[in-house]
Amino acid sequence: MTSQLYNFLLSKGLEKRKAQEAFFGIVSHTIEEGGVSIIQAPTGTGKTYGYLIPIIEKNQKAIISTGTKLLQEQLRKDIETLKTYHAYLTGEEVNYLVVKGKSNYLCLDRFYQLASEKRPSELEDLVDSQWDGDVEFAQIDPELWKELCVEDDYCTPHYKGICKYREDCYYWGRLKRKERKAQVLIINHALLALKEFEDPEERLLVIDEAHELDKYLTSSLTEGISTYTLRVEIMGRVLQFLSSADVDVEGFFDRHFSGMFKEEEQIPLKDLSPYIKDFEENILRPLNTYQKRIRESLISEVQKHLTSSMWVSLRLREYLQRSNLLDWEEYFQLSVSFEEPTEEEEKLIKRLKTYELLEKKLQRIRDFYKVMKSKPEDVGFSISRKWSRKLGTYNYRLEMFPIFPAGHFDLNGYKGVVITSATIDPEDLQHTLGIVGEFFDLPHTFPYERVEFIVYNASPKEKEEWEECLRLAYKRLRTLYDKVLVLLTNKEQLRLFKDEDGTALQGEERLSILLSALRNGEIKALVGLDSLWFGIDVKGEKGILMAKLPFDNPEEPITYHRIRYLQEIGEEPFEYQKRKALIKFRQGLGRMMRSAEDRGTVILCDRRIFKFREFKRAVEELGIRLKYIKHA
């Protein structure tokens, strides 16, 4: 590829890599010809520059999707670097924008609905500054934020049209104006299913860290009902109209689910048929009755106001017109004033808005109930609980999700699509997401022969011996290295490392802070679960302890339902489980070599690697020799 930007970077010390140059060519071809290109680009390829440089050089509009907000921020740093060099070489600016989901942004209308004494002072200070509305920069209680963020049920198309803050809205106003001007949009995978982007046919879609796409899409397609939804979001609004109304929300969840839990966790449910009758009689039926009474009362209130008024404001008329509360004939008889709504009208609009929100939330409950009754084969269910300070009790959440996202997500409508990861399996993409494309497998470039891979003679089934093996392996790596990553497969294993000196556990702080502490030597070891297997970057000499081969827990809801579904259609679920575990295992290996100078030791406490030879082969294909220790 002839590239002014790339040649400049080479002159500044960027390492020339054949795999990266091949990546440039694939991306350029996809920009010109379209189609779907699937690229497996091992650690060290330089895949981020591999797609950013052709996009910038060709002035191509693009959407770049990655797994998490943390990875979005890493991508921001890379594009800032290239943007600066490109401007130096050409005088041209690269306009880009990091976009997060709506619920990450403050809704000004909801914020100013709060009484001034209830508004968090931190938010008031931010609103008065140059803040972009992103909750990441505010320390706000999650349950309060849920009532203040941008939300589809609140920001309906017709309410957006009359909202007094529509121009200043952090999401629908400011962010969308920037989005229209941006050459490159940086999003996360959860937003892909929504496809709420303007002019996608002009944009190249790049899906980075695609090994996690399945998980994030399933999460974004998950629907649910909870104690909080019913008690606060629905009954809280019902009580604004009917002060004596009551529904036994907590009783329903306690009767059916409290006995299932030992701690806060998520439990799969085969189906929801045992709960349908109780839900219908004690939740849905009374809510429908209350909604009907509120609607009739509100219609009477509106008609009384209209009868006593010579004029109505344009905002009120437009709101009434779209609310379907009155007959069409009544709208045509309204005399309109083009002045702002009166104080009385503002109060009426607020009550109409409260009712509209109630109606939206209740319709979601009805939709959930229909799925409960229909028992679809391709939908999974789960129950979870988490302590709620606002409720003063556990918040139970019933969820449903597509067992496989294929069919709920498509790549049509983009100029071209590039899907990439260090570990990507075309068969898995097709089975779970329905994605088919041309596959490119680029060679690895790092000297993995510097890595020692040790397998201890241990079996996770022999729990006591296996746990002792983990402790011994951990002590050995701490003796050898100042940086140690411990990759676990479930929360229970965290207790083994809880009191270790110089060790941090995932969840004690934000992951970005913990990683910085490990890199800077403030801690010597970082212990964690999924997030440590995927996408983290710690350079230098290090030790990595893999607790065992990372098969997903068969009681984890998505895995549970996929196993069940595959059995029901006559397929072998273990092949699916093994495929997913191998992707995760290879990602874990990729944590070792983050630069050409890195070296270190990986210890695996699981002799099954010799039984499931795909895992052994994944190590040997990198040029790493396995060492087996029979007596740890």
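**Ground rules.** I am working with a predicted model, where local features need pLDDT of at least 70, side-chain atom pairs count only at pLDDT 80 or more, and totals for chains, interfaces and linings use all residues. Residues are numbered from 1 along each chain as its sequence is written, and side-chain values use heavy atoms, with hydrogens and water left out.

**Pocket.** I started with the helices: α3 (47-57) and α4 (69-90) each give at least two residues to the lining of the second largest pocket. Helices here are DSSP runs of H or I with at least four residues, strands are runs of E with at least two, and both are numbered from the N terminus. The top contributor is α4, with 5 residues. I noted a volume of about 970 Å³ for this pocket. A pocket is an open set of points on a 1 Å grid over the protein atoms alone, where a 1.4 Å probe fits, with protein on both sides within 12 Å along at least five of seven lines; lining residues have an atom within 4 Å of a point. Points are joined across faces, edges and corners, and the volume is the space filled by probe spheres set on them. There are 33 lining residues, and those closest to the centre are Gly 46, Thr 48, Asp 78, Asp 537 and Arg 594.

**Thr 66.** Next I checked Thr 66, which lies in strand β2 (residues 62-66). Is Thr 66 buried or exposed? At 4% relative accessibility it is buried (under 20%; exposed is over 50%, partly exposed in between, with a 1.4 Å probe and protein chains only). Leaving out residues up to four places away in sequence, Thr 66 has contacts (heavy atoms within 4.5 Å) that include Leu 71, Ile 187 and Asp 208.

**Rings.** My search of the whole structure gave 30 aromatic pairs. Rings of Phe, Tyr and Trp (its six-membered ring) pair if their centres lie within 6.5 Å; planes under 30 degrees apart are stacked, over 60 edge-to-face, the rest tilted. Phe 23 and Tyr 51 make a tilted pair, at 6.5 Å centre to centre and 50° between the planes. Phe 23 is in helix α2 (residues 18-33) and Tyr 51 in helix α3, so the pair ties together parts 28 residues apart in sequence. Phe 23 is buried at 0% relative accessibility, and Tyr 51 is buried with a relative accessible area of 0%.
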